[in-house]
Amino acid sequence: MRAISVKEVSKLKGNIEIQGSKNTVLPIMAATLLSSGVSVIYNCPDIDDVAVMCQLLACLHVKTNRVGNTLTIDTREAAYEPLPLSLTGKLRSSVLLLGPILARWGKARIGMPGGCAIGLRPVDIHLEGFMKMNVDIRLHRDILDCSTFHLQGCEYHLRFPSVGATENLIMAAVGARGRTILRGAAKEPEIVELCNYLLAMGALIEGVGTDVLIIKGTDVLTSCDYCNVYDRIVAGTYLLMAAAIPSDITLTGIDDIHYMKNIIKVASQIGVSVVKMENCLHVQSFGKVDGGDFETGIYPEFPTDLQPVLVAVLAKAKKDSSVTERVFEKRFGIVRELEKLGADITVKGQRAEIKGNTELYGHTLKAADLRQGAALVVAGLFSRGYTTVTNISYIERGYEDIVRDLQCVGAEIAYV
Ligand code: EPZ
């Protein structure tokens, strides 16, 4: 089993090129199914989740071809097939194929999605929305059997602004008859990117970036290319990391910081100086973490995906801190591993209380999900001696090469 070994570092200096966004590109890959043609996706991260999405598309006779970070998707010979649980179970975003498959073929037999174990992660909001669109759904032994005579536009109020359900229902609605109104929709940047991509394909969507989306169905969508945005969570990982280690680093490939406002705000509160320059962020710190009380939330609040990194960094703070998790009900998997380093953290329900002024000592740690795994690697950079992180396949689902990135800023880190 591969692992990452990381040594405590006294200073970080250099440039990290920020990869393209995972959570933007996965729904856009699914959306290519809505037309018959060839789409080119630029700045597509070379990560395991994208590779699995390519395998899922291949089941539907879609051809994909990667050259560097350019992914070409050819849906001209796409044909309906059931999607096996053995593949859908590898990826949460496999469920995002449901909307486009129903829009294109009116039927779908698809295994339940997998994904990181960070809570219950049901798909009831997706399914309730599809049922409102006239889809008959049966679940038998983790296989969803869905069929519709034709998708019918509807009015649907999401009980929680689920990112995936909003994406799925938008993609179904662009291929449905009539008008769909989604209220209580998620507003994450990934949804704005998806809507803009669909608009470029010829979809009719109003209210982009708000929680009320009005979508008129159409059957004339044409394939188009997409230039992926940078990954705000990967950028945020390195931004928060800088709080705990004296740093003078540049994060390149960041053209617009609008989507990172609250991440930058929290990084600044814990001691990181961030200056936006042309196509990059210049990040400096003295490596003294200021503690505080923080919470995650739906966009534009601080993202849950960066909560594990924030908790890890706050374990080095000068005073006691707390982090409240407001999106997932079970996402403090980082805590038990940080305790092995010497961190003193108490979890009470959705709130983690983190003791400040603690010395951390390197240890062998186990990644159990994508963001928690990345946070453990980051923690190794400010723990005495050496830290080894095992189960790194989780990290590779979403980070192109965390070892390469951290080597670029002077870390002693390697695959072992
Ligand atoms: C997306 O997951 C992201 N994944 C997640 O990032 C991210 O943590 C999450 O949004 C929240 O921002 C992708 O974009 C591929 P949700 P998603 O549906 O869409 C509950 C990462 O590390 N819920 O907004 O699955 C759910 O249980 C990943 O990159 C229902 O109850 O998230 C959770 O508590 C991890 N019923 C909350 O909503 C549903 O039908 C948010 O989930 C759907 C969701």
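In which loop does threonine 358 lie? Select the segment between β20 (351-354) and β21 (364-366), for threonine 358 lies in the loop that joins these two strands. Helices (H or I, at least four residues) and strands (E, at least two) are DSSP runs, numbered from the N terminus.

Before going further, please note that this is a predicted model, in which local features need pLDDT of at least 70, side-chain atom pairs count only at pLDDT 80 or more, and totals for chains, interfaces and linings use all residues. Residues are numbered from 1 along each chain as its sequence is written, and side-chain values use heavy atoms, with hydrogens and water left out.

**First stop: threonine 358**

Threonine 358 has a relative accessible area of 17% and is therefore buried. Buried means under 20% relative accessible area, exposed over 50%, and partly exposed in between (1.4 Å probe, protein chains only). Display the residues around threonine 358: leaving aside neighbours within four places in sequence, it is in contact with Ala315, Gly342, Ala343 and Asp344. Contact means heavy atoms within 4.5 Å. A polar atom of the threonine 358 side chain also lies 3.0 Å from the backbone oxygen of lysine 355. Such a polar contact is a pair of N or O atoms within 3.5 Å; within protein, one must be able to donate a hydrogen and the other to accept it, and residues adjacent in sequence count only if both atoms are side-chain atoms.

**Second stop: helix α11**

Gly342, one of the contacts of threonine 358, follows helix α11 and has a positive phi, near 110°. Select α11 (residues 333-341) next; its buried residues are Ile334, Val335, Glu337, Leu338 and Leu341. The elements that cover them include α10, β19 (345-348), β21, α12 and β22.

Centre the view on isoleucine 402. Not counting residues up to four places away in sequence, isoleucine 402 touches Ile4, Tyr238, Ala374, Val377, Ile395 and Tyr415.

Colour the chain by domain: domain 1 covers 4-19 + 230-415, and domain 2 covers 22-227. These bounds come from an automatic or database domain assignment. The centres of the two domains, taken over C-alpha atoms, are separated by 30 Å. Their contact takes 22 residues from domain 1 and 27 residues from domain 2.

One is 2.9 Å from an N or O atom in the side chain of arginine 92. A backbone N or O atom of isoleucine 125 lies 2.8 Å from a ligand oxygen, and a polar backbone atom of valine 163 is 2.7 Å from a ligand oxygen. Taken alone the ligand exposes 820 Å², and the protein buries 92% of that; accessible areas come from the Shrake-Rupley method with a 1.4 Å probe, and for residues only the protein chains shown count as cover.

Select tyrosine 299 and proline 300, which are joined by a cis peptide bond with omega about 15°. Proline 300 is placed in the loop between β17 (293-295) and α10 (307-314).

Asparagine 43 is not a glycine, yet its phi is positive, about 60°. Asparagine 43 sits in the loop between β3 (38-42) and α2 (48-59) and is partly exposed, with a relative accessible area of 29%.

**Last stop: serine 39**

Move back into strand β3, where serine 39 is found. Is serine 39 buried or exposed? Its relative accessibility is 1%, so serine 39 counts as buried. Not counting residues up to four places away in sequence, serine 39 touches Thr32, Leu71, Thr72, Ile73, Tyr197, Ser223, Cys224 and Asp225.
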